[in-house]
Amino acid sequence: TKLILLDSLLQEKMSMFADVAAAPPIEVFQLGRDYQADTDPNKVSLGVGAYRTDEGKPWILPVVKKAEALLAQKIDKEEINHEYLPVLGHESFAASATKMLLGESSPAVKEDRSFGVQALSGTGALRVGAEFLKNIMGRDTAYYSDPTWGNHGLIFKNAGFKTINKYRYWDADSKGLNFAGMIEDLNNAPEGAVIILHACAHNPTGIDPSKEQWGQIADLIKTKNLFPFFDCAYQGFASGCLDTDAWTVRYFVERGFELFCSQSFSKNFGLYNERAGNLTVVVNDVSPITSMKSQLTLLVRAMYSNPPAHGARIVDVVLQDPDMYQEWRDCIKIMANRIIDMRKGLRERLEKLGTPGTWNHITEQIGMFSYTGLTPEMCEFLKKEKHLYLLKSGRISMCGVNNGNLDYVAQAIHDAVTKFQ
């Protein structure tokens with residue numbers, strides 16, 4: 001009787017959540033924690049996807065500081081407040097973001113066949129779009145590139161997609177695009193499948209199709225009646241030019257495609273924790289837009305009710321003011337050019353050291369990340385012995401490289417490749 005009573009008491013004290021299994025850590029965030037705990041003075045963080053200055057520090061864009069000062073004045077005058085935004089967000093921000101992506105001369109803009117939905121950065125825009133495609137349109141198959149950003153599969157899985165496939169993208173031998181494999185896999189996709197495409201600066205490889213290849217991809221998507229869902233996280237940040245980085249999305253619009261495109265202002269505005277994003281929607285006919293917005297309203301209402309205002313207001317202030325808009329474009333060039341310079345510097349040093357293999361892919365890739373081709377054992381060696389923190393896939397954030405650590409990073413990579421080649 002005493003044992004039964006003891007067992008009963010223990011069961012009463014035991015949490016109903018006691019059997020919840022621990023989820024595996026998210027690699028990139030665990031890497032950041034490991035880096036922070038490392039006391040070695042030579043440590044280098046090459047994991048996180050956030051811009052750093054040549055001094056290795058975060059950069060609050062001067063134009064963002066100006067916008068925040070203006071907003072503070074408006075708060076002081078009570079011209080703006082902390083009331084709820086509409087469910088679909090800050091309307092001026094969404095319209096400006098959509099126009100920035102598609103271009104003012106876009107037929108979709110001129111004919112009112114496009115609209116934006118403010119979202120919780122690019123991640124939120126992807127999720128809102130995925131929820132709409134699954135729950136309203138009945139789509140349940142999605143394809144993403146192999147490799148891709150680590151969150152794509154999870155977003156579409158949690159939105160309810162039953163089948164999530166990969167299409168070939170990276171060619172490890174050439175350290176370039178496996179275009180033939182990509183086309184073959186997309187050609188095998190069933191009609192109506194959602195195809196997740198990187199608008200520019202592919203994450204993690206930094207390899208984008210050429211304009212001619214994009215033309216062939218568009219032909220296939222049209223022939224197979226697939227749905228293109230672009231992810232645009234780096235407009236302006238990749239090449240330094242907003243128009244250059246938006247070319248692919250604009251090309252698809254000019255070809256007459258209906259499409260979704262998630263936009264993030266984390267990288268190009270440096271608004272990482274403000275979660276400023278937009279879902280751009282392009283349709284062929286204005287008639288369904290009102291109904292689409294009504295369904296999107298219900299989806300957003302059930303997920304987070306309405307979005308935060310501060311980040312969207314910052315972006316909107318800048319995009320609406322011609323002088324601030326130009327200053328922002330200048331800031332983008334500064335960030336993009338620093339990354340391009342670091343690519344050149346890293347390649348030059350690896351080649352000067354005589355590091356085994358070829359390293360032209362470092363400068364042929366574009367954007368924040370470089371897919372180095374380093375093996376998992378090389379990456380583990382670099383972390384444990386050289387205090388370089390990078391993903392096991394060999395992806396490095398070029399923002400973590402600067403003139404102060406460039407020689408050390410190159411020598412460390414040289415040592416790893418020489419040891420394990």
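Which residue does D407 meet in a salt bridge? The partner is R349, at 2.6 Å from N to O. A salt bridge here is a side-chain nitrogen of Lys or Arg within 4 Å of a carboxyl oxygen of Asp or Glu. D407 sits in helix α18 (residues 406-420) and R349 in helix α15, 58 residues apart, and the pair links distant parts of the chain. Helices (H or I, at least four residues) and strands (E, at least two) are DSSP runs, numbered from the N terminus.

This is a predicted model, in which local features need pLDDT of at least 70 and side-chain atom pairs count only at pLDDT 80 or more, while totals for chains, interfaces and linings use all residues. Residues are numbered from 1 along each chain as its sequence is written, and side-chain values use heavy atoms, with hydrogens and water left out.

**Salt bridges**

The whole structure holds 14 salt bridges. Side chains of opposite charge can pair when their charged atoms come close.

| Pair | N to O distance | Helices |
|---|---|---|
| D407 and R349 | 2.6 Å | α18 and α15 |
| D34 and K383 | 2.8 Å | α2 and α17 |
| K66 and E327 | 2.9 Å | α3 and α15 |

D34 forms a salt bridge with K383. Because D34 belongs to helix α2 (residues 27-37) and K383 to helix α17 (residues 376-386), this pair ties together parts that are 349 residues apart in sequence.

Accessibility is given as relative accessible area: buried means under 20%, exposed over 50%, and partly exposed in between (1.4 Å probe, protein chains only). D407 is exposed, at 52%, and R349 is partly exposed, at 27%. D34 is partly exposed at 23%, as is K383 at 24%. K66 is also partly exposed, with a value of 44%.

**Cysteines**

How many disulfides are there? The count is zero, where a disulfide is a pair of cysteine sulfur atoms within 2.5 Å. For C200, the closest cysteine sulfur is that of C232, 4.9 Å away, which is too far for a bond. C200 is buried, with a relative accessible area of 7%. For C379, the closest cysteine sulfur belongs to C399 and lies 18 Å away, again too far for a bond. C379 is buried as well, at 3% relative accessibility.

**Packing of α3 and α14**

Helix α3 also packs against helix α14 (residues 310-320), at an angle of about 110° and with the axes 9 Å apart. Axes are lines fitted to C-alpha atoms, for helices over the stretch in contact, and angles run from 0 to 180 degrees between N-to-C directions. The angle makes α3 roughly perpendicular to α14; angles under 35 degrees count as roughly parallel, over 145 as roughly antiparallel, 65 to 115 as roughly perpendicular and the rest as oblique.

On the α3 side the contact (heavy atoms within 4.5 Å) is made by V63, V64, A67, E68, L70 and L71, and on the α14 side by H310, R313, I314, V317 and V318. Eight of the contact residues are nonpolar, one is polar and two are charged. In this grouping Ala, Val, Leu, Ile, Met, Phe, Trp, Tyr, Cys and Pro count as nonpolar, Asp, Glu, Lys and Arg as charged, and the others, Gly among them, as polar.

**Backbone features**

Most residues other than glycine have a negative phi, and most peptide bonds are trans. The peptide bond from D146 to P147 is cis, with omega near 10°; P147 lies in the loop between β3 (141-146) and α7 (152-158). N203 and P204 are likewise joined by a cis peptide bond, with omega about 20°, and P204 is in the loop between β7 (194-198) and α9.

Two residues other than glycine have a positive phi: S121, near 60°, and K175, near 55°. S121 lies in helix α6 (residues 121-135) and is buried, at 2% relative accessibility. K175 is placed in the loop between β5 (170-171) and β6 (176-177).
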